[in-house]
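Let's take a walk through this model together, from rings to domains to RNA. Have a look at the structure first, then read on.

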Amino acid sequence: MKYSELLIPTLREAPADAEVVSHQLMLRAGYIRKLASGVYSYLPLCLRVIRKIEKIVREEMESSGAHELLLPIVMPAELWTESGRWDRYGPELLRFKDRHEREFCIGPTHEEAITDLIRHEIKSYRDLPKNCFQIQTKFRDEVRPRFGLMRGREFIMKDGYSFDRDEENALKTYELMYDAYKRIFTRCGLAFRPVEAMTGAIGGSRSHEFQVLADSGEDAIVACDQCEYAANVEKAEIQSSSDDVHQTSAIKGKFRKVPTPGKKTADEVGPVVRLLPQQITKTLVFETDKGLMIGMVRADHQLVEEKFKQATGVEWCHLAHEDAVLKTIGAPVGYVGPIGVTIPVYADHALLAMENFLVGANEKDMHLVDVNLGDFNVTQFSDLRRAVAGDACPRCGGKYSEHRGIEVGQVFYLGTKYSEPMGAHFTDEAGKDQPMVMGCYGIGIGRTAAAAIEQNHDDRGIIWPMPIAPFHVEIIPLARDGEVFEVATKLAAECEDSNIEVLIDDRDVRAGVKFNDAELIGIPYQIVIGMKGLQEGVVEFKDRRTGMTEKIKRDDVLARMLTIFHQEGMS
RNA sequence: CGGGGCGUGGCGCAGCCUGGUAGCGCACUUGCAUGGGGUGCAAGGGGUCGCUGGUUCGAGUCCAGUCGCCCCGACCA
């Protein structure tokens with residue numbers, strides 16, 4: 001394809017609002033342009049990358065038994081009312097009314113639409129399982145869109161939904177999809193890690209996120225250095241080492257009150273009483289559907305609400321408001337402690353290893369020191385905190401290391417969360433009515449492209465992995481006529497005949513401009529054709545990634561490209 | 001939703017404090033030179049200064065409102 005015919009508006013400077021590399025490079029290299037906050041146009045190069053990713057996704061999905069369909073983008077409110085999400089989804093759901101004042105929304109995801117379709121069409125166990133996917137533009141009215149395609153409001157997503165007759169089969173489908181995802185991201189040339197993710201309030205469900213490792217990632221994950229276990233920090237289980245448990249419950253009444261006027265946080269209190277954060281506890285009061293409850297963690301740890309919900313078995317929880325705390329505990333926020341309170345106290349495992357620690361005195365400007373576990377009632381010790389580097393892995397006892405990741409895909413075992421309320425039932429062999437067991441599986445297509453750039457770039461521009469590069473090779477003739485251009489055109493035609501995708505820079509610009517643009521747009525191989533080389537019968541062959549250049553005989557170039565093709569596992 | 005910042009030619013910015021002919025770099029057009037890493041010289045074109053209202057003889061500049069965009073935060077005591 002001719003460079004001159006394509007729309008590739010490269011920029012010397014990146015627009016000031018681009019924060020992360022992938023966003024800057026996509027703008028500079030002429031891949032995307034912003035139309036509104038979080039809404040982007042995909043220019044030709046970008047679309048080619050997206051199509052490549054989609055192709056890989058399609059191939060792997062189809063070969064795993066999932067088949068493509070296309071659901072509407074616009075859905076009536078009734079469907080969402082039925083699932084209960086019209087009210088629960090919040091302002092991220094873009095809603096509007098048609099001319100008859102009927103309410104609609106633009107799909108941020110399609111559980112409702114697919115469940116509606118399937119419940120009408122599938123009646124018998126004989127018709128199961130079914131696994132459908134689509135690749136479609138979604139809209140989520142994000143509070144704060146940022147980082148270009150990484151967190152846009154409008155975005156392209158592959159979303160798949162599976163329907164099985166029972167949990168056993170649904171979990172098999174889950175495994176199939178999990179394996180397909182591994183192949184997809186491997187084929188895209190990405191360094192990624194599947195990690196266990198939060199499952200929310202649905203019991204017995206499973207979820208994995210596929211995280212592309214990158215420092216600019218928005219998600220924090222921990223990975224074990226000994227085994228395969230990896231998880232989102234919010235989800236990661238932490239092994240409470242029994243060696244650390246001190247039998248301090250025997251010690252009682254040793255504590256004493258110390259004045260800490262105006263000092264509320266551990267950072268403030270610590271220096272006053274000369275204690276490290278590891279010797280201080282935080283007592284957090286939560287409002288829940290079962291009334292007020294306390295969660296206690298060490299001051300340098302962070303409580304995870306999801307873990308708290310699981311430990312306590314409550315449906316919902318959020319930190320209690322200051323007034324509520326003052327009213328129930330009798331002390332202002334910052335001075336709350338577990339001693340003498342009447343509401344349930346859930347404590348993190350880490351407290352088992354603490355002795356002579358500090359808590360709030362339930363009295364303004366006062367804390368208690370030399371407190372031990374025997375001094376107050378704990379309803380239950382649980383894993384309540386966010387994992388950090390150095391924590392122990394529950395599977396093998398190895399140590400966690402912490403990483404940043406970009407979530408490019410997610411697989412989720414849904415169970416009957418949608419089939420039950422929406423009446424997606426089938427009749428089994430015994431003639432009994434059963435809810436279908438579902439799973440859902442998403443991949444952010446645009447985000448995958450962005451993640452690939454985060455992982456593959458240098459200070460000159462993008463370096464695409466071969467399987468998702470917009471073109472395989474860029475031919476750069478240093479003249480627009482004569483032998484140089486003739487050779488270039490001929491070589492391009494030969495490559496294209498061998499299914500190698502070629503971008504030929506036929507523009508009337510200086511060599512330097514072509515070189516710089518070539519580095520920027522990141523096509524993995526470059527072939528530079530100039531007069532000097534041709535006189536020796538050679539052209540220059542450059543690997544964008546390594547920057548290595550070598551002179552190759554003109555007649556050997558095609559063979560060379562084909563060799564690389566095979567090495568890269570392309571056909 | 002709270003806090004902060006920014007809206008001046010396609011992009012990046014200066015000018016605003018202290019009101020008085022709207023500027024710079026890149027990009028664009030034309031000509032000449034150049035032709036292997038964003039080349040040089042010369043001549044050009046292009047801006048209701050986000051919008052509305054106010055103060056003033058006079059507003060890009062001061063004031064109020066409004067819209068848009070960006071950043072940080074959203075209660076872990």
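**Rings, domains and an RNA strand**

Arg-48 sits over the face of Phe-471, 4.0 Å from the ring centre. A charge counts as over a ring when NZ of Lys or CZ of Arg is within 6 Å of the ring centre and within 35 degrees of the ring normal. Arg-95 lies over the face of Trp-86 too, at 4.6 Å from the ring centre.

Some housekeeping: this is a predicted model, where local features need pLDDT of at least 70 and side-chain atom pairs count only at pLDDT 80 or more, while totals for chains, interfaces and linings use all residues. Residues are numbered from 1 along each chain as its sequence is written, chains are lettered from A and ligands numbered from 1 in the order in which they are written, and side-chain values use heavy atoms, with hydrogens and water left out.

Back to the rings. The structure holds 14 aromatic pairs (rings of Phe, Tyr and Trp, the last by its six-membered ring, with centres within 6.5 Å; planes under 30 degrees apart are stacked, over 60 edge-to-face, the rest tilted). One of them is Phe-185 with Phe-192, tilted at 55 degrees and 5.8 Å centre to centre. Both Phe-185 and Phe-192 are buried, meaning under 20% relative accessible area with a 1.4 Å probe, protein chains only.

Zooming out, chain A splits into domain 1 (17-73 + 108-237 + 402-453), domain 2 (242-382) and domain 3 (471-567), with bounds from an automatic or database domain assignment. The centres of domain 2 and domain 3, taken over C-alpha atoms, are 67 Å apart.

Now for the RNA. Around RNA strand B there are 38 residues, the closest being Arg-144, Lys-264, Lys-282, Arg-510 and Glu-540 (near means a heavy atom within 4 Å).

What about the bases? A polar side-chain atom of Arg-510 is 2.3 Å from a base oxygen of RNA strand B. The polar backbone of Leu-303 comes in with an atom 2.6 Å from a base nitrogen, and an N or O atom in the side chain of Glu-13 is 3.2 Å from a base nitrogen.

Notes:
Polar contact = N/O pair within 3.5 Å; in protein donor to acceptor, adjacent residues only side chain to side chain. Buried < 20%, exposed > 50% of the residue type's maximum accessible area, 1.4 Å probe, protein only.
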